[in-house]
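The following exercises ask the reader to work through one protein chain step by step. Each task is followed by a worked solution.

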Amino acid sequence: MISLADSFAFLDNPSINWKYVTASLAVGKYLFESYVEYRQYKLYKKPFPPPSLKGKLTQETFDKSQAYSTAKSQLSFASRTLQLLQSLAYIKYDFLSVIWNQSGAILAKTTFLFPGFIRGVISQSIVFFAATQIISTVLSAPSSYYENFAVEDKYGFNKMSVATWISDILKEFTISFLLQAPFLALFLKLIDYYGDASLACGMILATFLQCLNLTLLPSVILPWFYTFTPLKDGKLKEAVETLAKKHKVPLEEIFVVDTSSRTAHSNAYLIGLPWSQKIVLYDNLIETSTIDEIVAILTHEIGHWKSNDTLKLLAASEATLFIMFSFFSAFIYNKSLYSSFGFNREHPTIIGFFLFYGIYGELQPVITFFIHSVAQNIEYRADYYAKSYGYGQVLGEALIKLEIQSLTAFHNDWLYSAYRHSHPTLVQRLASLDYVSDHKVPTDSKEIKKD
Ligand SMILES: [Zn+2]
């Protein structure tokens with residue numbers, strides 16, 4: 001890490017216009033994403049489904065999915081444009097410096113809330129962090145509202161009331177702040193004490209935070225949003241228990257989660273510690289799938305569990321964290337970067353991180369391609385696991401059904417998929433499952449209109 005900081009020392013140069021660099025990168029990323037999205041957008045004009053799905057979906061469903069994808073793509077374009085304008089305004093008007101100073105003013109009135117050992121810059125950083133979180137939540141609210149209550153609602157997917165939507169936003173904000181603020185305070189304190197050697201500590205803290213999140217998510221966080229009820233006795237429960245036994249899953253409990261209270265999209269997953277697994281089924285899935293299909297989907301999920309895929313994804317994300325913290329160590333003491341944004345005398349670490357991320361975050365597409373290629377690979381292997389137990393054909397049927405219910409885009413551009421999707425496309429998965437279509441048109445139109 002130290003050598004990286006040394007080799008980037010030349011970047012601490014007052015003649016570099018960091019505002020210009022940051023703004024150019026933001027525009028560059030926007031143009032790249034617009035290009036990728038446009039490649040996909042053109043496919044939403046195609047009049048017919050891909051040949052491999054011939055006979056699997058009605059023209060009515062296909063048209064509806066094209067219209068739904070078009071609406072989502074237009075919304076994404078509008079919200080990305082708004083985000084870019086916001087970023088440019090932040091850069092031009094030195095908003096970070098404004099928020100930092102305001103945080104200082106707020107802190108002066110609320111000092112009694114903070115314990116003695118984190119007074120000063122650290123407590124100002126916590127107030128600053130809360131302020132930026134609130135601002136970003138408020139700024140993203142209109143597009144989230146439009147997405148849920150205009151787009152998703154129109155196609156029958158949104159099951160939320162405005163009150164639930166608002167309370168979800170408040171809960172999410174509270175949880176993320178309560179989880180992150182203590183870690184942030186500790187991280188800043190360590191940097192105070194040990195200088196940039198503590199960037200390694202940052203890495204360890206971030207890892208710990210990720211693991212904590214993984215552990216708390218199923219037992220503490222998700223139940224705050226959804227109700228989990230044990231699956232009732234019956235054929236489905238028997239089938240799932242037999243499956244778990246056959247694959248030696250240490251099954252503790254099978255839960256049904258009421259996702260239908262929020263959305264009509266459906267899924268299933270295994271969660272928990274290595275020695276005690278819980279299987280979670282979305283209530284939508286039970287309602288619309290056969291027992292065989294659910295078993296096929298769960299065999300895919302068991303495939304993930306068998307090959308420790310959660311750990312693999314965690315390792316991939318650790319690798320990206322390592323890269324990020326290494327580069328941060330090269331930027332943290334770059335005074336020319338701070339002063340470009342109006343921080344001439346003080347150089348708070350949290351501001352350094354925000355300024356650094358303004359640059360690094362715009363280069364994120366490279367990391368996204370990497371993470372998605374790892375994730376897609378993992379999906380193929382879980383599919384292969386299900387196929388090796390003879391579920392290739394049933395899993396194919398189940399996937400088609402799920403994608404029809406979700407009105408997923410059936411035509412996909414390769415660059416768009418590599419950038420946006422953690423899963424291979426339906427057509428790719430069917431091909432790798434050696435799925436053979438029996439050319440039956442499902443009665444999907446009836447199933448979709450169930451609001
Ligand atoms: Zn999967």
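Helices here are DSSP runs of H or I with at least four residues, numbered from the N terminus. The model is predicted.

**Exercise 1. Describe helix H14 and the residue that follows it.**

Step 1. Begin just beyond the helix: Gly390, which comes just after H14, takes a positive phi of about 85°.

Step 2. At 1.5 Å a residue, the 25 residues of H14 should span 36 Å, and its end C-alpha atoms are 36 Å apart, so the two values agree.

Step 3. List the buried positions. A residue is buried if 20 or more other C-beta atoms lie within 10 Å of its own. In H14 this holds for Ile378, Glu379, Ala382, Asp383, Tyr385, Ala386 and Lys387.

Step 4. Identify the packing partners. The buried residues of H14 pack against H10, helix H11 (309-331), H15 and H17.

**Exercise 2. Locate the largest nonpolar core and state which elements supply it.**

Step 1. The largest nonpolar core has 35 residues, and Ala268, Ala296, Leu298 and Leu395 have the most contacts inside it.

Step 2. At least two residues of this core come from each of strand S4 (276-282), helix H10 (291-306), helix H14 (364-388), helix H15 (392-406) and helix H17 (426-432).

Step 3. Another core, of 28 residues, lies apart from it; Ile126, Leu337, Ile350 and Phe356 are among its members.

Step 4. Take Leu395 as an example. Leaving aside residues up to four places away in sequence, Leu395 touches Ala296, Ile297, His300, Asp383, Ala386 and Leu433.

**Exercise 3. Work out how the strands are paired.**

Step 1. Strand S1 (residues 228-230) runs antiparallel to S2, and 3 bridges join them. The bridge partner of Phe228 in S2 is Val257.

Step 2. Strand S2 (residues 251-257) pairs with S4 in the parallel sense over 6 bridges. Leu251 stands opposite Gln277 in S4, and the bridge partner of Glu253 in S4 is Lys278.

Step 3. Strand S3 (residues 268-273) and S4 run antiparallel and are joined by 6 bridges. In S4, Ile279 is the bridge partner of Leu270. S3 and S4 form a hairpin, with 2 residues between them.

Step 4. Recall a general point: in a regular strand the side chains alternate between the two faces of the sheet.

**Exercise 4. Is Gly120 buried or exposed?**

Step 1. Find the residue: Gly120 is in the loop between helix H4 (95-110) and helix H5 (121-154).

Step 2. Apply the cut-off. Gly120 has 12 other C-beta atoms within 10 Å, so Gly120 is exposed.

Step 3. Relate sequence to space. Gly120 and Ala108 are 12 residues apart along the chain, and their C-alpha atoms are separated by 9.8 Å.

Definitions and conventions:
Residues numbered from 1 in each chain as written. Predicted model: local features only at pLDDT ≥ 70, side-chain atom pairs only at ≥ 80, totals over all residues. Core = buried A, V, L, I, M, F, W, Y, C linked by C-beta atoms within 7 Å. Contact = placed C-beta atoms within 7 Å. Pairing = 2+ DSSP bridges. Expected span 1.5 Å × (residues − 1).
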